Amino acid sequence: MTDETNDPGLTSWCESAQASDFPIQNLPLGIFSVGERRRRAGVAIGDYVLDLAGIADLIDEDWRDDLSQPVLNGWLARGLDVQDALRARLVELLSDAKYRDDVEPQLVGQSEVRMHVPCLVGDYTDFYVGIHHATNVGKQFRPDNPLLPNYKHVPIGYHGRASSVRASGEPVIRPWGQRKLPDADAPEYGPSRRVDYELELGIWIGEGNELGQPIPISEASRHIAGYCLLNDWSARDLQAWEYQPLGPFLAKNFLTSVSPWVVSPQALAPFRNAMPARPAGDPEPLPYLSDACDRESGGLGIELEVTLTTDKMRQAGLAPHALSRGSADAAMYWSAAQIVAHHSSNGCNLQPGDLIGTGTLSTDSAEGLGSLLEISRGGKQPIHLPSGETRSFLEDGDEVTLKAWCEADGAVRIGFGECVGRVFAPA
Ligand code: CA
């Protein structure tokens, strides 16, 4: 699955690429703008964004139109072969010194750009494939029977809201909503007291399928254009009151944050693993969700970390506090390909630029929990911060940072960048 673009011996003449999240082996695409100038496509290399419009003369003429749009939908719709061809060309341009004079003027410092959601998101779906998260949350409601009977047979998901998907850095305005406190006779409306984050990966759909034409599991990975970090901000008090019988609604759709770079399947190739074996006694997936190739390489090999910084910590100059460390492979009961195959299995059409969340990725260890709901045991066990503060859920001024990276023997480490959000009081 790896090719010459994954060669660990490759280096770029852009020196900051070495030992960064964005070495020449990564080359994720994104949409950026500088000042008031229009949004455009770029690729991350070291501390810079390479402006693809600025190197239009150096890439295939046939690619230029789709790469000059303010969103990547048209480009991702063209499929992985074309994406891979661009990637190979970018490796040439960024590694061979003969192109340096032409390409270097088109680098813009990442600190000077604003990053945007890379696609016009037509549809956003959030799954629930983190089995330890599902178990931990289920235990809070059903201690003896945390997982519902369908969980190990069918990838669970719900349709989220596309309009409130935003890029990393978007302020998290504490939502107001209706809740019913456990000891209250009647519900009330007010600012959520239980704002939480959820550590997830996002899947960007590439080609997609026509209505009525399911994507077979064997082809599902060809429809994944790339991955990002995703924070499914959640208001737990609103959620507890509203979620039955139709599932998440206003507790989730006030904001979803994504990291801005689309990390391609080819960049992830050196890190892929077998899917973890299902525990003895678990049912085999039905044939439409079962694929030998996916079992062998459906694991993503992505490491995950969440940190928290409060206002008080910032003022005291304290380092961010680690809330969790884990890996996607240790969390995911269903693979990305199974998610895509299941979503389209009834004929539902996935479209270029659709966004799919994996669901909260918690491991089975206390260090790998992907939400405060789990870390604080539903608010019963507040965490202690280096500032002397405690937290059960997020307070105004709290900033949550999601990070992801991949490491493997014989490969150059790549990173996803960050997905950041700070909570603010409603205006
Ligand atoms: Ca979620």
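Reader: Which residue in β3 is the bridge partner of Ile 45?

Author: In this predicted model, Ile 45 has Tyr 48 as its bridge partner in β3. The two strands concerned, β2 (residues 40–45) and β3 (residues 48–51), run antiparallel and are joined by 4 bridges.

Reader: And what sheet do they belong to, in what order?

Author: They are part of an open sheet of 5 strands, ordered β4-β3-β2-β1-β5, with antiparallel pairing. The edges are taken by β4 (107–109) and β5 (114–116), and because each has a single partner strand, one side of each is left without a neighbour in the sheet. On average, and with direction ignored, neighbouring strands of this sheet are turned by 50 degrees against each other.

Reader: Changing topic, which residues are the protein donors of the calcium ion?

Author: The protein donors are Asp 126 (OD), Glu 198 (OE), Glu 200 (OE) and Asp 232 (OD), which lie 2.3 Å from the calcium ion. Their spacing in sequence is D-x71-E-x1-E-x31-D. Asp 126, in strand β6 (residues 124–127), and Glu 198, in the loop between β12 (195–196) and β13 (199–205), are 72 residues apart, so this pair links distant parts of the chain.

Reader: Are Asp 126 and Glu 198 buried or exposed?

Author: Both Asp 126 and Glu 198 are buried.

Key
Residues numbered from 1 in each chain as written. Predicted model: local features only at pLDDT ≥ 70, side-chain atom pairs only at ≥ 80, totals over all residues. Heavy atoms only, no water. Donors = N, O, S within 2.8 Å, 3.2 Å for Na, K, Ca; no water. Buried < 20%, exposed > 50% of the residue type's maximum accessible area, 1.4 Å probe, protein only. Pairing = 2+ DSSP bridges. Axes fitted to C-alpha atoms, helices over the stretch in contact; angles between N-to-C directions.
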